[in-house]
Amino acid sequence: MKKINLFVVAMVAMLGFSVNAKAANSIKLECDKTQIKIEESTNCTVSLTLDTDISVATVQLSASETLDISNVTPNKAMGWTASTATAPTGTYTFNNTAGKTGQLFSFTVKLNSKAKELGKDESCGNLCIAAATIKDAAGNPGATPQGVGTCYSPTVVEETCVGKDCNPETGSFANYAIIVASILIAGAAVIVARKSTKFFRV
């Protein structure tokens, strides 16, 4: 009986260790909105969870042509600053003297006008963490964090026409509407004219 109990304890400990190992070395992408309108923006963050101190983190974001990235801002509260080194488009490098992990940076993503070709509830593409590299406090390369390849895939929300901002009806339906409206106006004018004639007749 004791052997069985020891075996169960050992298995639980191993499972707990594997879960902690996964959580201790990971990168995560989160965005506020899962549905987005054309020309609308949302805020996104990239976070690191590591089991060692870190001095440099480089993240490459890959976005579809319908999604624009802007306002990339390091999390200064956690000691992160943007690197001044030149990097390829979509690649962002940050330095950290405090060695802390957590939220690395935030940015704005906008669904641009190219998404007008997409229909309601269609995916407007992906924004993904294409790559991520880190260096420890001594400047040595660390293991690639788990979570590379994570994507944000918002859904297009099609706007409905409301009020005076709507375009007027076009085509044959509009022509019929104009004809019907003209007949109603003419009929009302005749009725009013007859009543006026009777009123003033001596």
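A disulfide here is a pair of cysteine sulfur atoms within 2.5 Å, and the sulfur atoms of C128 and C151 lie 1.9 Å apart. C128 belongs to strand β9 (residues 127–136) and C151 to strand β10 (residues 151–152), so the link ties together parts 23 residues apart in sequence. Strands, like helices, are DSSP runs numbered from the N terminus: at least two residues of type E for a strand, at least four of type H or I for a helix.

The model is predicted: local features need pLDDT of at least 70 and side-chain atom pairs count only at pLDDT 80 or more, while totals for chains, interfaces and linings use all residues. Residues are numbered from 1 along each chain as its sequence is written, and side-chain values use heavy atoms, with hydrogens and water left out.

The two ends of this link can be described by their accessibility. Buried means under 20% relative accessible area, exposed means over 50%, and partly exposed is in between (1.4 Å probe, protein chains only). C128 has a relative accessible area of 14%, so C128 is buried. C151 has 37% and is therefore partly exposed.

The loop between β9 and β10 contains G142. At a relative accessible area of 36%, G142 is partly exposed. Apart from neighbours within four places in sequence, G142 is in contact with I134 and K135, where contact means heavy atoms within 4.5 Å. G142 and L50 are 92 residues apart in sequence, and their C-alpha atoms are 9.9 Å apart in space.

The structure holds two disulfides. C31 and C44 form a disulfide with sulfur atoms 2.0 Å apart. This link of C31 and C44 is right-handed, with 110° about the S-S bond. It connects distant parts of the chain, 13 residues apart, with C31 in strand β1 and C44 in strand β3. Both C31 and C44 are buried.

Two strands pair if DSSP finds at least two bridges between them. Strand β3 (residues 41–49) pairs with strand β8 (residues 102–111) in the antiparallel sense over eight bridges. In this pairing, S41 stands opposite K110 in β8.
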